[in-house]
Amino acid sequence: MELENSPSGDSDDVAEGDEFHKWQTYQRHLGPLWPMGERWCASLFWQRLDQGAIDAMSFIFSNLWIRSWRRRHGAFLSREPITPTQDGTKAVASLAAAGKYRYQPLPSDTHIRLIYISTGADGSAMRVRFSTVSLHNVPPFETLSYVWGSQNATRLIDIEGSSFEVGENLYDALCMLRSGDAERCFWIDALSINQSDPRERSTQVSMMPKIYAASQRTTIWLGAGANISAETMELLTIMAKSYEETRDVIVTLEEEVWRELGDLYANPWFYRVWIIQEVAMAHEILILLNGEPWPWAAFAQASYNALNRGFKFQSAFDPESMLRLERIRAAFRNEGPAPTILQALALGRKSLATLDVDKVYGLRGLSVEEFEVNYEEPTTDTYLRLAKSITDKGGAIIMLNYVDDHSFRFKKRLPSWVPDWEVRHGARPLIDTAASINWKASGDHAVYSGLSARGNHLHVHGFVLDTLDRIGNLFMEEVPLSGVSKLGTLSTGGNSLRAQLHSDFILGIVSRRVTQWRTLALKYGTMFLTEDARYDAYVSTLTAGNTLSGDTQLAAERQGYELWCRVWTTASRMDFKTILSAYDQYSPAEMAQAAGFMRLHIHAAWGRRLYTTRQRGIIGLCPALARRGDLLVIIHGGKTPYIIRNLGNGQFRFIGECYAHGFMHGEATGWNEGWKVEEFVLV
């Protein structure tokens, strides 16, 4: 069933300017080339060729990608103590030892050090003093959230008459926070914690959520280089307002303004694992932009509006980095039940830390569950110890939903069923989508899990549902194509988009995955007997059963998909004026619905592949590492089906969670199929 034969696209009477039908006409002009391309990209030969090349190169490129991130951002994400280093003409280590500030031990594990920033004019020496108080009886104080910055550049401050070295970024923040009228009281981790005392450091780190919760407000410092132009500030201000006002302003803006806004949202602060608990626990948050405090709520509203109006998908910035934090903050402000340690760690999966073990230690304070901090233990051992702890508490099956894409792992000794919390690149867990609340793939089967004697193997019970057969290409585009492209309305660098896309070769490359996925679902999804049923299953699979309003009616899903096909007709970010073109043709409600469907599609399918199975013709989404011949299984106690690989000798490699349309609510357990329940040993 081709897209143009869908219920809303079967008429040849097309209104002038309908870009969706222009694309259909263009496909017909390609004659036999288009269907030949569809059959080719959905063939088993192409599948073997494509997956073989990916398997050969994924390890190299994933390692290069991660190492590149660390080289570029590692210094800005660091939480390690600043160490004196050589600074060109003089050694920082040669500072007078007699004048260096020496910390006094805290009276108890419930005491903290507050910092009073003395008054002073710009350019004068930075002076601060400490006050040791009990966290149970503290005066009004503020907290600072920032990135530590480079450890190679240090500045001197005066602490009670003695010198002390701080990073350049912290020094700039202190200068910005200093008042000319009165002292200001802060808790700042780099100063308030004696970083050279491991015991104090471990104790204070575990108290940080309580410290941020006790403060009056938290000020966010994005760095001296985060200043933005007046035009970008105007755009940010207006984005927090009405749709009509936004439309009037963006008409006059240059592309450079959008790029500058993109740089703001790409600031390293948004990606630090440590800031999650700082944002979650703070009462009031102010962001310093151009030296002026901006309320967090206003920044969040501007980001939500930008997302709902589709700016993310057709311009050079991505508000998701901010909105991820806002969603976490909103969840904590609602004062619901405290998260488990597994839920807390999932919040920081996309964040970065210089020390891999801090992906655990930096978030454990958000959970009520205890987990011992041990910086002397190898990271692999820490991750395995955490997995065993979760298993002992009955959480092994839900933990499987957080297992990462193995192709991005550095820790090859880690068992396949243990999440590697260092890995941030890959698909978002399906278990974190809204639809998962009602999932119960294993029906009423009780959880069974157990560890081997050495603790490296996980034993689970379940049954094989089917075997993977056809597997599509990996969805990794930043902006997914809907399968149609807007032609004849945009221009970039003097060349029309029609001219750029007119080449059959380019069209085949751009649309290959989308065309392939649709072909696989409509041709091989034989579990669904009619074309309409396969079409509906395909649309639902694109979002893993998630809908914007929570409405599960097929008509609502179709409407969202078909609006996306019409509105989101370009995958290019080269020209931000594509936003204006869409505004001219579609209502605000249509724009919001199209953007919403794409958002759900990205959350569910990015980093995954579409698959069909060998015997039953099931349609679903599987992990990037899944291959033909892998087993689609139901594990007792699991909310989703899973993919495992038979290694022989009764052992299996765990690949990851998956979506199987029609099997997310216990349907398989209700079939009278005589399923053979067996034990799977995951290694």
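How many salt bridges does a search of the whole structure find? The search finds 21 salt bridges. Keep in mind that this is a predicted model.

**Salt bridges**
- Asp 109 and Arg 199 meet through their side chains in a salt bridge, at 3.3 Å from N to O. This pair links distant parts of the chain, 90 residues apart: Asp 109 sits in the loop between β2 and β3, and Arg 199 in helix α6.
- Asp 109 is partly exposed, with a relative accessible area of 40%, while Arg 199 is exposed, at 55%.
- Arg 113 pairs with Glu 200, and their closest N and O atoms are 2.6 Å apart. Because Arg 113 lies in strand β3 and Glu 200 in helix α6, the pair ties together parts that are 87 residues apart in sequence. Both Arg 113 and Glu 200 are buried.
- Glu 278 and Arg 272 form a salt bridge with closest N and O atoms 3.7 Å apart, and both residues are buried.
- A network of salt bridges links Glu 142, Arg 184, Arg 217 and Glu 284.

**Nonpolar cores**
- The largest nonpolar core has 92 residues, of which Leu 236, Trp 269, Trp 296 and Leu 682 touch the most other members.
- Apart from this core lies another, of 30 residues, including Trp 439 and Met 664.

**Helix α20**
- Helix α20 covers residues 531-542 and reaches 17 Å from its first C-alpha to its last, close to the expected 16 Å.
- Nine of the 12 residues in α20 are buried, among them Tyr 535, Val 539 and Leu 542.
- Ala 544, which follows α20, has a positive phi, near 55°.

Technical notes. Residues are numbered from 1 along each chain as its sequence is written. This is a predicted model: local features need pLDDT of at least 70, side-chain atom pairs count only at pLDDT 80 or more; totals for chains, interfaces and linings use all residues. Side-chain values use heavy atoms; hydrogens and water are left out. Helices (H or I, at least four residues) and strands (E, at least two) are DSSP runs, numbered from the N terminus. The expected span of a helix is 1.5 Å times one less than its number of residues. Buried means under 20% relative accessible area, exposed over 50%, partly exposed in between (1.4 Å probe, protein chains only). A nonpolar core is a set of buried Ala, Val, Leu, Ile, Met, Phe, Trp, Tyr and Cys residues joined through side-chain atoms within 4.5 Å. A salt bridge is a side-chain nitrogen of Lys or Arg within 4 Å of a carboxyl oxygen of Asp or Glu.
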